[in-house]
Amino acid sequence: MKKDDKQILPNTLEYDTRSTTMTPEFIQKSDKDIETITTLNSYAKPNGYTVILYGGYATEAYCGGKVVRPHGDIDCYLVCPANKEKDGIFNQIENILKKEDTKWIASRPRLDKLELREDNEDKPFFDRRRIELTIHSDKDYDKYQSKYLVDSKGNSISVNVIDMSIFVAGKVHKFYLLKDGVDTTKDRTSGRSDYEDLNRLLNSSDFDENKMISELSRIVEVKDATEEMLYVRELLKKVELQTY
């Protein structure tokens, strides 16, 4: 790496301690996560709701379905009809997930958000199971695609994932904002897995760059967001990425 390249590379990469290797423990964790996603889908469908994945598991679904790296949490939306009563949803979900062999600790940081954490202090934070679920109205959120996730035994489940253009546009914009590696407004950093996921999505057969740039232009409210895309492509060239 040239000295000048460091100016474009977030300095957080060298301090990233999150694993990108699928150890037996993470294989077991991902299988349990897929089972939980199945449970959430089984709850949602008969009640008129839709579970939509974003984050790491959405990336896996867009890139063939097989889980190839560890994921810290299940990020998902629960989309509900606008005229349907939403009170009691979180209680119902918590009661259903209590039947799993994972001991969950629940919190509700907002009226529309449920966070669940595995209660196991013996594990490092990133090794524990976690779920973040946010409620949306179908009037505000109706763009998604159907894909598959595949567990370690080869079993596949149907999942709904955030629309590809919306998904990638959000990631590209985040990287563009994180030019120094840290977004102080959100206290977030980018790890190596973030780079690898974005690179995989850009090379996915589902990726339409023109459609994504159009979506990105809408997000950042400019006529042409090509500059952000060019920046990210140059950035990815300067990071040593794993090939899956």
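**Notes on the helices and their packing**

1. Let me start with the chain as a whole. Among contacts (heavy atoms within 4.5 Å) in the protein chain between residues at least 6 apart in sequence, 66% join residues at least 24 apart. The chain has seven helices and nine strands; these are DSSP runs, with helices (H or I) of at least four residues and strands (E) of at least two, numbered from the N terminus. Of its 244 residues, 48% are buried, where buried means under 20% relative accessible area, exposed over 50% and partly exposed in between, with a 1.4 Å probe and protein chains only.

2. A word on the basis. This is a predicted model, in which local features need pLDDT of at least 70, side-chain atom pairs count only at pLDDT 80 or more, and totals for chains, interfaces and linings use all residues. Residues are numbered from 1 along each chain as its sequence is written, and side-chain values use heavy atoms, with hydrogens and water left out.

3. H4 has 14 residues and spans 20 Å from its first C-alpha to its last, close to the 20 Å expected at 1.5 Å a residue; the expected span is 1.5 Å times one less than the number of residues. Ten of the 14 residues of H4 are buried, so this helix is largely enclosed by the rest of the structure. Among them are Phe167, Val168, Phe175 and Tyr176, together with Lys171.

4. How do H4 and H6 meet? Their axes come within 8 Å and cross at roughly 60°; axes are lines fitted to C-alpha atoms, for helices over the stretch in contact, and angles run from 0 to 180 degrees between N-to-C directions. H4 and H6 are therefore oblique to each other (under 35 degrees counts as roughly parallel, over 145 as roughly antiparallel, 65 to 115 as roughly perpendicular and the rest as oblique). On the H4 side the contact includes Ile166, Val168 and Val172, and on the H6 side Met212, Leu216 and Ile219.

5. Now for H7. Helix H7 (residues 226-237) has twelve residues and reaches 17 Å between its end C-alpha atoms, close to the expected 16 Å. Its buried residues are Glu228, Met229, Tyr231, Val232, Leu235 and Leu236. Seen down the axis of H7, these fall within an arc of 160°, so they line one face of the helix; the arc is that of the directions from the helix axis to the C-beta atoms. On the other side of H7, Glu227, Leu230 and Lys237 are exposed.

6. H4 packs against H7 at about 75°, with the axes 9 Å apart, which makes H4 roughly perpendicular to H7. Val172, His173, Phe175 and Tyr176 of H4 make this contact, with partners on H7 including Met229, Tyr231 and Val232.

7. Please also look at Val239, in the segment after H7. Val239 is buried, with a relative accessible area of 8%. The C-alpha atoms of Val239 and Glu196 are 9.1 Å apart, although 43 residues separate the two along the chain.

8. Finally, helix H1 (residues 24-44) and helix H3 (residues 89-97) pack at about 135°, with axes 11 Å apart. That makes H1 oblique to H3. Thr36, Thr39, Leu40 and Tyr43 of H1 make the contact, with H3 residues including Ile89, Ile93 and Leu97.
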